[in-house]
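This report covers a sheet, a helix pair and some backbone details of one model. The sequence and structure come before the details.

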Amino acid sequence: MKIGLETESCHLLFQHGRMNIFDFIEFTARFGLDGVHINIIPDYNLHPRWGALQGASTEYLSRVKAAIDQHDLYCEIATRGSTLNELAPALRIARALGVELVRSYLWFPHGRFDVDFMESQISEVRRVVPFLKTHQIRLAFENHEFETSAELIKFISLVGQPEWVGLLCDTGNSMMAWEEPLSAIRAMAPHAFGVHFKDHSVIRDGDEPVVCGMPLGRGNIDIDKAFRIVVEDSAVAHINLGMCYPYCATFKREPGTGGSSDFAGAFAITHPPFPPNLVRPMGYYYPHDTSEEALLTLLECQQQDLERSIAVLTRLRDKYCSPQARSG
C-alpha cells in the first residue's frame with residue numbers, strides 16, 4: 001500500500017503563499033510519502049481556474065511532471081463536477097501528468113442535496129467514459145458531505161462502468177450526511193478506487209453542531225479500524241492523507257438520513273481545537289477573515305499537526321501492510 005498527501009491538507013499554506021506545488025512535492029518526498037493528490041479547484045488566493053496548480057500550459061505541466069517523476073511519486077488529480085464540460089479540463093491535465101485516477105464529486109446546485117439532479121447526472125457521466133477508456137484514466141466520485149454511501153453506490157451502479165467509474169472513499173465526509181464513518185467506509189470500500197484518509201469530531205459553533213476536521217488520532221473516528229477496513233475490503237493501491245484541518249462543515253442532511261441521529265459515538269460533541277475568542281469554528285478554513293493572529297496561529301498548527309498526522313498514517317501502514325502484518 002502506498003500513501004500520499006492531498007494538497008487540501010496544506011490549504012492555508014497554499015492560500016497564503018507559504019507553499020506552491022513544487023514546494024508541496026518536495027515536502028511530500030521529504031517525509032517519505034509515495035504520492036501527491038493535487039486539488040485543481042479554485043479557492044482563495046489560488047489560481048482562478050487551476051487551484052493548487054499555477055497554470056495548465058504544456059511547459060508548466062511538464063515541469064510539474066518532472067518534479068513528481070524526480071521523486072518517483074504517483075500523482076492523482078482532484079476536481080469537481082459530473083459533465084464532460086466540467087471534467088474535460090481536469091482529464092487533460094491528468095493525461096499530461098501521467099495520472100491514472102481523477103477524483104470528482106457531484107456539484108449540487110444551490111448547495112443542497114437534490115435526488116433529481118443526482119439521477120440526471122448518470123447519463124452525463126456515461127458521456128465521459130469514452131475519454132476515460134481512450135486515456136486509461138479512472139474516475140472516482142467522492143462522498144462529499146451530501147450523499148450517503150448507499151446513494152453513491154446506487155449512482156455508480158446505474159452509470160454501469162465499474163472498470164472506469166467508481167468511488168473515492170472519504171473516511172470522514174459521511175458524517176455530514178449523518179452516516180457513521182466506519183459503516184460508510186465498509187460499504188464503499190469494495191467500490192473504491194481511492195481514499196481520502198482523515199479524522200473528524202463534532203463541536204459547536206455557538207449553538208450549532210458542526211463537523212470539525214482534526215489531526216489523525218485526535219478526532220472521534222476509529223482510524224485504526226478505518227485503515228484496516230480499507231486494506232482488507234478494498235482494492236485501492238493508494239491512501240491519501242486529506243487532513244482538512246483546520247476546517248469545519250455544517251451537517252448537510254437531516255438527522256437519521258444516514259442511520260445516525262444522536263450525538264454519541266463518532267458524533268459525540270467535543271471541545272473545539274481553538275478557543276472561540278481566537279476564531280469561531282466556521283472561521284477555521286479562512287482565518288484571515290477573523291484576524292492576523294488567528295491566521296498565524298492556524299497556519300502554524302496546520303503545519304505542525306500535518307507532520308504528526310503523516311507519522312500516524314505511516315504507522316498505520318506499517319501495522320497493516322508490512323510483510324510481518326501480511327504473514328500474521
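## Open sheet

Three strands, in the order S8-S9-S11, make up an open sheet with antiparallel pairing. Strand S8 (199–205) and strand S11 (248–250) are the edge strands, each with a single partner strand, so one side of each has no neighbour in the sheet. From one strand to the next, the twist averages 35 degrees. Strands here are DSSP runs of E with at least two residues, helices are DSSP runs of H or I with at least four residues, and both are numbered from the N terminus. Two strands count as paired if DSSP finds at least two bridges between them.

S8 pairs with strand S9 (residues 208–214) in the antiparallel sense, over seven bridges. Val-202 stands opposite Val-211 in S9. In general, strands of a sheet pair through backbone hydrogen bonds, either parallel or antiparallel.

## Basis of the values

This is a predicted model, in which local features need pLDDT of at least 70 and side-chain atom pairs count only at pLDDT 80 or more, while totals for chains, interfaces and linings use all residues. Residues are numbered from 1 along each chain as its sequence is written, and side-chain values use heavy atoms, with hydrogens and water left out.

## Helix pair

Helix H8 (residues 223–233) and helix H9 (residues 292–321) have axes that come within 10 Å and cross at roughly 50 degrees. This makes H8 oblique to H9, a class for angles left over once those under 35 degrees (roughly parallel), over 145 (roughly antiparallel) and 65 to 115 (roughly perpendicular) are set aside. Axes are lines fitted to C-alpha atoms, for helices over the stretch in contact, with angles from 0 to 180 degrees between N-to-C directions.

On the H8 side the contact (heavy atoms within 4.5 Å) is made by Ile-223, Asp-224, Phe-227, Arg-228 and Val-231, and on the H9 side by Val-312, Leu-313, Leu-316, Arg-317, Lys-319, Tyr-320 and Cys-321.

## Backbone details

The peptide bond from Tyr-245 to Pro-246 is cis, with omega near 0 degrees. Pro-246 is in the loop between strand S10 (238–241) and S11.

Two residues other than glycine have positive phi: Gln-136, near 55 degrees, and Trp-178, near 60 degrees. Gln-136 lies in the loop between helix H5 (115–135) and strand S5 (138–142). Trp-178 is placed in the loop between strand S6 (165–170) and helix H7 (181–188).
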